[in-house]
Amino acid sequence: MGGDEAWMRIALEEARRAAEHGDVPVGAVVVSGQGAELARSHNRREILADPTAHAEILALREAARVEGHWRLEKTTVYVTLEPCAMCAGAMVNARIGRLVYAASDPKAGAVDSLFGVGLDARLNHRFEVASGVLGNAAVAELRGFFAKLRAAGEK
């Protein structure tokens with residue numbers, strides 16, 4: 001398997017799994033420099049009652065476990081929504097090589113929208129960033145999820 005769109009489709013599948021148990025539909029996949037999947041996950045904040053259980057954090061933890069080390073150099077992280085400050089910071093600390101995200105997050109995105117985490121020369125590590133891969137599909141998932149929440153609240 002390869003290519004940014006193919007990996008992002010897997011991240012979108014994970015996002016749908018989050019919505020199934022009431023979490024915001026965000027999914028992530030970590031891929032090695034050799035193109036092998038190391039980990040995948042989705043938001044689990046609601047189901048785990050854990051504010052740090054974002055898709056990216058869970059996938060990074062599993063990828064580090066699989067690799068046997070916290071340094072995830074040369075990996076690419078695919079995520080359906082621009083990472084928040086916590087997740088982008090974790091990516092800096094994990095020393096990832098590349099981030100590919102689908103949809104921008106103007107309210108909490110910390111890679112391009114609000115901050116430049118991962119790109120800032122003042123940090124001890126930087127990573128390559130690509131955005132907009134299957135962005136319309138990710139936005140559709142998010143809009144559908146929040147529309148259902150609003151509709152449920154109106155009943």
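## Burial and overall dimensions

A residue is called buried when its relative accessible area is under 20%, and exposed when that area is over 50%. By this cut-off, buried residues account for 46% of the 155 residues in the chain. The model is predicted.

The C-alpha atoms occupy a box of roughly 50 × 30 × 30 Å along the principal axes. The accessible surface of the chain is about 7,800 Å², and carbon and sulfur atoms contribute 51% of that surface.

Five helices and five strands make up the secondary structure elements of the chain. In sequence order they give the pattern α-β-β-α-α-β-α-β-β-α. The radius of gyration is 15 Å, close to the 15 Å that the globule rule gives for 155 residues, so the chain is as compact as a globular protein of that length.

Of the contacts with a separation of 6 or more, 56% are between residues 24 or more positions apart.

## Charged side chains

There are 19 positive and 20 negative side chains in the chain. The centres of these two sets are 1 Å apart.

## Loop residue Q34

Q34 sits in the loop that runs between strand 1 (27-31) and strand 2 (37-42). Its relative accessibility is 74%, so Q34 counts as exposed, the cut-off being over 50%.

L81 is 47 residues from Q34 along the chain, and the C-alpha atoms of Q34 and L81 are separated by 24 Å.

## Loop residues with positive phi

Phi of K74 is near 70°, a positive value in a residue other than glycine. With a relative accessible area of 65%, K74 is exposed.

L134 also has a positive phi, of about 55°, and is not a glycine. This residue belongs to the loop between strand 5 (128-131) and helix 5 (135-154). Is L134 buried or exposed? The relative accessible area of L134 is 18%, and because the cut-off for burial is under 20%, L134 counts as buried.

Taken together, K74 is exposed at 65%, whereas L134 is buried at 18%; phi is positive in K74 and in L134.

Note on methods
Residues are numbered from 1 along each chain as its sequence is written. This is a predicted model: local features need pLDDT of at least 70, side-chain atom pairs count only at pLDDT 80 or more; totals for chains, interfaces and linings use all residues. Side-chain values use heavy atoms; hydrogens and water are left out. Helices (H or I, at least four residues) and strands (E, at least two) are DSSP runs, numbered from the N terminus. Buried means under 20% relative accessible area, exposed over 50%, partly exposed in between (1.4 Å probe, protein chains only). The radius of gyration is taken over C-alpha atoms; the globule rule is 2.2 Å times the number of residues to the power 0.38. Contact means heavy atoms within 4.5 Å. Accessible areas come from the Shrake-Rupley method with a 1.4 Å probe; for residues, only the protein chains shown count as cover. Lys and Arg count as positive and Asp and Glu as negative; His and the chain ends are not counted. The place of a charge is taken as NZ of Lys, CZ of Arg, CG of Asp or CD of Glu.
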